[in-house]
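Please look through the sequence and the model below before reading on.

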There are 2 protein chains.
Amino acid sequence: MLERIRIVLIGTSHPGNIGGVARAMHNMGLADLALVAPRCEVITQDSISRASGADHLLHQASIHATLEEAVADCTLAVGASARSRTLPWPMITPRELADRLPGECLQATSRVALVFGREDSGLTNAELQRCHAHVHIPTNADFSSLNLAAAVQVLAYECRMAWLSQADAAPTPADDDEQATHEELERYFEHLERALIAIEFHDPAQPRQLMARLRRLYLRARPEKMEMNILRGILSATEKAAGSRPNSAS
Amino acid sequence: MLERIRIVLIGTSHPGNIGGVARAMHNMGLADLALVAPRCEVITQDSISRASGADHLLHQASIHATLEEAVADCTLAVGASARSRTLPWPMITPRELADRLPGECLQATSRVALVFGREDSGLTNAELQRCHAHVHIPTNADFSSLNLAAAVQVLAYECRMAWLSQADAAPTPADDDEQATHEELERYFEHLERALIAIEFHDPAQPRQLMARLRRLYLRARPEKMEMNILRGILSATEKAAGSRPNSAS
């Protein structure tokens with residue numbers, strides 16, 4: 001799916017931003033970068049530095065004179081837009097874009113273009129009107145201008161999230177240690193109560209809510225077998241220390 | 001909700017990255033920036049240029065010597081981590097973090113810290129072990145190192161999306177007891193270690209992973225203030241029973 005998504009930058013002015021876009025794309029598994037009438041050199045010290053190891057995307061990038069040329073083979077074009085325009089257009093959020101992507105990328109010939117405008121003035125109305133839909137990244141109303149690489153980062157991240165959920169390969173907790181059983185927990189609570197009595201912290205004649213509160217805490221933590229062993233070990237050491245103490249009042 | 005979220009940067013080397021973080025934060029409506037032991041000047045031409053109008057966040061940023069100081073009042077600390085560590089920790093995706101945020105920000109005293117490490121080496125194990133959970137931004141396995149400002153951008157975007165969706169369906173404040181702060185938890189861990197030494201369960205010369213494992217367990221349980229008091233009381237009673245000197249400074 002990700003190989004069917006193209007990032008299109010129109011009239012970019014700063015090589016550093018192109019480098020930052022390349023890094024954001026490669027981080028998220030996108031590789032198809034198209035530059036329309038860039039207003040700066042593409043391969044510079046600054047762009048390579050900001051690409052930080054993703055500079056092969058800069059070298060592979062296609063360069064086009066017009067937006068039409070850059071998206072000629074695309075089956076869906078979505079323009080990034082900061083503001084609503086005079087002529088309302090289908091406007092989606094990045095999350096809604098992500099929801100649509102798997103369906104839009106089904107065919108071998110599917111190509112989705114995500115189109116980004118100039119650092120200073122965005123996309124023109126003519127350019128926006130060549131897009132099927134506009135995507136608006138929700139921002140602070142008082143400070144809505146995202147850095148170009150940051151805007152690409154957000155959409156590329158949503159692309160990757162869509163791809164991961166589609167592949168049902170979302171990262172799962174690495175923690176695969178075995179959970180303690182109910183029985184092991186109950187034995188722990190019995191042992192805990194004995195130890196608390198031994199150190200004179202707990203008086204079963206005046207239980208208040210102590211054991212209930214401790215149960216709630218430890219059950220919430222869902223202890224693993226290994227952790228249960230540590231906690232049992234602490235209780236045994238506590239009982240031993242309490243018993244070996246020089247005898248005080250009883 | 002957004003005003004209860006703090007971005008914490010540890011040991012940042014490049015002023016431009018701090019500026020880029022400020023811009024990303026302000027774009028998404030976050031304002032609380034904390035810098036721990038920055039390895040560069042904070043206010044420079046480069047940071048102001050990259051902040052692109054969000055430089056008031058640079059001027060307002062708090063500067064701290066240690067992570068503990070920066071998150072002392074935080075009720076939840078989540079560390080950004082690129083890799084799984086030797087000791088697995090609760091690991092969530094940015095989306096899962098977003099799902100949790102409204103509930104984590106309910107109280108007026110709620111403070112959520114999102115903690116980011118150094119550009120070259122990320123967070124240390126000791127720093128990661130002070131966090132309740134780790135958040136991993138899913139990236140290309142072959143190219144996983146995100147730019148610092150880009151990583152903040154992704155999480156800040158998820159914070160904003162969570163805030164926007166919350167505006168639709170505001171969760172009602174729970175009548176739960178107040179959560180322990182980071183500082184209260186750290187004092188508990190210090191006390192726990194002293195008590196384990198007193199009962200000869202723990203040998204600091206041969207720590208193995210004991211304290212890390214116990215940190216993981218208790219951080220996972222998210223203790224409330226009242227529970228923290230009970231656990232501290234148990235430790236004091238344990239020390240007393242073991243005949244060691246009573247806990248002096250707390």
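Chain A is divided into domain 1 (2–166) and domain 2 (182–244), with bounds that come from an automatic or database domain assignment. Taken over C-alpha atoms, the centres of domain 1 of chain A and domain 2 of chain A are separated by 57 Å. This is a predicted model, in which local features need pLDDT of at least 70 and side-chain atom pairs count only at pLDDT 80 or more, while totals for chains, interfaces and linings use all residues. Residues are numbered from 1 along each chain as its sequence is written, chains are lettered from A and ligands numbered from 1 in the order in which they are written, and side-chain values use heavy atoms, with hydrogens and water left out.

**Helices of chain A**

- Helices (H or I, at least four residues) and strands (E, at least two) are DSSP runs, numbered from the N terminus, and the expected span of a helix is 1.5 Å times one less than its number of residues.
- Helix 1 (residues 15–28) of chain A has 14 residues, which at 1.5 Å a residue should span 20 Å, and its end C-alpha atoms are 20 Å apart, which agrees.
- Because 14 of the 14 residues of helix 1 of chain A are buried, this helix is largely enclosed by the rest of the structure; here buried means under 20% relative accessible area, exposed means over 50%, and partly exposed is in between (1.4 Å probe, protein chains only).
- Just after helix 1 of chain A comes Gly29(A), which takes a positive phi of about 90°.
- In helix 5 (residues 94–104) of chain A, the buried residues are Pro94(A), Leu97(A), Ala98(A), Leu101(A) and Pro102(A).
- Those buried residues fall within an arc of 135° when seen down the axis of helix 5 of chain A, so they line one face of the helix; the arc is that of the directions from the helix axis to the C-beta atoms.
- Asp99(A) and Gly103(A), on the other side of helix 5 of chain A, are exposed.
- An α-helix has 3.6 residues a turn, so residues three or four places apart point the same way.
- For helix 9 (residues 210–221) of chain A, the 12 residues should span 16 Å at 1.5 Å a residue, and the end C-alpha atoms are 17 Å apart, which agrees.
- The buried residues of helix 9 of chain A are Leu210(A), Met211(A), Leu214(A), Leu217(A), Tyr218(A) and Ala221(A), and they line one face of the helix, because they fall within an arc of 125° when seen down its axis.
- Arg222(A), which follows helix 9 of chain A, has a positive phi near 45°.

**Enclosed space**

- A search of the whole structure finds 3 cavities of 30 Å³ or more; on a 1 Å grid over the protein atoms alone, a cavity is a set of points where a 1.4 Å probe fits but cannot get out, and lining residues have an atom within 4 Å of a point.
- The largest cavity holds about 240 Å³ of space, where a volume is the space filled by probe spheres set on the points, and grid points are joined across faces, edges and corners.
- The largest cavity is lined by 21 residues, of which Ile234(A), Leu235(A), Ile234(B), Leu235(B) and Thr238(B) are the closest to its centre.
- Two or more lining residues come from each of helix 8 (182–198) and helix 10 (225–244) of chain A, and from each of helix 8 (182–198), helix 9 (210–221) and helix 10 (225–242) of chain B.
- By class, this lining has 19 nonpolar, 2 polar and no charged residues, where Ala, Val, Leu, Ile, Met, Phe, Trp, Tyr, Cys and Pro count as nonpolar, Asp, Glu, Lys and Arg as charged, and the others, Gly among them, as polar.

**Individual residues**

- Most residues other than glycine have a negative phi, and most peptide bonds are trans.
- Ala37(B) is not a glycine, yet has a positive phi of about 40°; its place is in the loop between strand 2 (32–36) and helix 2 (45–51) of chain B, and at 38% relative accessibility Ala37(B) counts as partly exposed.
- Glu200(B), in the loop between helix 8 and helix 9 of chain B, also has a positive phi, near 60°, and counts as exposed at 69% relative accessibility.
- Ala195(B) is in helix 8 of chain B and counts as buried at 3% relative accessibility.

Notes. On a 1 Å grid over the protein atoms alone, a cavity is a set of points where a 1.4 Å probe fits but cannot get out, and a pocket is an open set with protein on both sides within 12 Å along at least five of seven lines; lining residues have an atom within 4 Å of a point.
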